[in-house]
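Hi,

Here is the structure I promised to pass on. Please open it first, then read my notes on its aromatic rings below.

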Amino acid sequence: MRTKKALVNTITSLMLQLTTIICGFIIPSLVIKTYGSGVNGLITSITQFLGFIVLLESGIGGVVRAALYKPLANKDIGTISAIIKATEKIYKSIVFIFIVYLLIMTLFFPLIIEEFEGGFTASLVIIIGASTLAQYSFGITYQLLLQADQKRYVTSLFQIFTIIINTIMVVILIKIGTSIHIVRLVSTIVFIIRPIILSKYVKRNYSFDNSILPNKNAIKQRWDGLGHHIAYFLYNQTDVILLTLVTNVKEVSVYSVYSMIVVGIKNIISAFSSGVEAAFGNMLAKDEKEHLKHSFSTYELFSTTLTTIFFTGTALLILPFVDVYTKGVEDVEYYRPLFAYILVAASAVYSIRLPYHYITLAAGHFKQTRNGAFLEAGINLIMSAILVNFLGIIGVAIGTFCSALFRTVQYAIYTSKNILDRSVWIFCKSFCLSIISSLLIIYITHMVPQISVTSYVDWCLYGSIILIICIIVTSLINFIFFYNESIVIVNRLKNMMKINKLFKKT
């Protein structure tokens, strides 16, 4: 049953990420070409400054999911109800703080942005803030419950529906010539739909004991989780915040285009991991140590393989894609090779940590890993703040890379010693082989005749060749150095191709 749920979660999460990427490419392109790079950069800056509430699932959300694994496994309705009530109270407090922060942003953000009139910027802050508030004020607790119960597929399907509807509405509104404020306002209304439907679904399919008092002790690590969340916010938003303060919104627009690509790739890799946190949590709750270690090793190789394939391909294809994507846009230079390569490397290093991140969340080791999260954010903030003054957009990319490398190594050391009880050299071997695979792929592709990329069709053709090379080289190296794990992955992929048969058996 656990395998079936993990498989369904993975498939729907992958569908969600593909939908998000496709729709995410459509909307910024239309905004840049209709309203200009300045407006696109302004929207990105506002979204990043308001973004901390969006990251709640990476903070308190992780603590809540970890607390719910055991009572869900034991079908303990009383404990589940107490945790849900405590969680709802915490989120109400955070939403109140966010409202105050939104009001402060509305007053002071127009003073930071000089390229636009104050009223234009302030009203956009309110509209985008309202959209963020609508998505995360209602239903987020139920979303965490479904994720902990290995039903992430439910939330994924709801998200796919609202993203598609939103994209259709935005395209129509932009094509008929409405203002950017109307476009964003309609998006706010669309995104209110998802939490309403989600709440009704949970109340219909779960039983709660309303007489139970909130159990704050069950989520006593919430402040450690919030610490992780704050650190992650600082790490994730540092680049755009510094570029907004030190450079201008057009540079932010350049950053957002490249970031959109690498974040999309990170999310695809993460989608393949959507069911593992809950599955690991279930194994830990049932004390299945050997099963956990074996499953983790297989997942680790699979995740690292995906990271190597996708990000090596991204490094080779990102510049041709940006050329096509921003064709005809002349208000700022989008061709930034060095920045692109450093940002791709930073995102690849970040993605390599995913197995260690998810098992840490499943084990509930928030306090133990909190300092590492703050150090990562500190390294990124300090290095980026210094280098942005000398190197501009390249400086923030270097800061991101260095901090991501530190945190990935720190995660691997901690989980190897304290959760998995295995040698850290396993991680070192995997990491080095990933680098070797990437270098070998780059060397081989330079021997292949180059295709002139002037359209999306050309890019897809060239990308297909690159992808095939990436898969062949990485797979061969895996079979040589990780033969047993590779065989397990191949067998599981075969099962995924026979999903109907698998469902009947389980």
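Start with one aromatic cluster: Phe-25, Phe-321, Tyr-325, Tyr-456 and Trp-459 form it. The model is predicted, so local features need pLDDT of at least 70 and side-chain atom pairs count only at pLDDT 80 or more, while totals for chains, interfaces and linings use all residues. Residues are numbered from 1 along each chain as its sequence is written, and side-chain values use heavy atoms, without hydrogens and water.

First, the pairing rule. Rings of Phe, Tyr and Trp (its six-membered ring) pair if their centres lie within 6.5 Å; planes under 30 degrees apart are stacked, over 60 edge-to-face, and the rest tilted. That rule gives 15 aromatic pairs. Phe-25 and Phe-321 make a tilted pair, with 5.1 Å between centres and 45° between planes. This pair links distant parts of the chain. Phe-25 is in helix 1 (residues 2-35) and Phe-321 is in helix 12 (residues 289-325), 296 residues apart. Helices here are DSSP runs (H or I, at least four residues), numbered from the N terminus.

Next, Phe-321 and Tyr-325. Their ring centres are 5.6 Å apart and their planes are at 20°, so the pair is stacked. Both residues lie in helix 12, four residues apart, about one turn of the helix.

How buried are they? Buried means under 20% relative accessible area, exposed over 50%, and partly exposed in between (1.4 Å probe, protein chains only). Phe-321 is buried at 9%. Tyr-325 is buried at 3%. Phe-25 is partly exposed at 22%.

Best wishes

Technical notes:
Helices (H or I, at least four residues) and strands (E, at least two) are DSSP runs, numbered from the N terminus.
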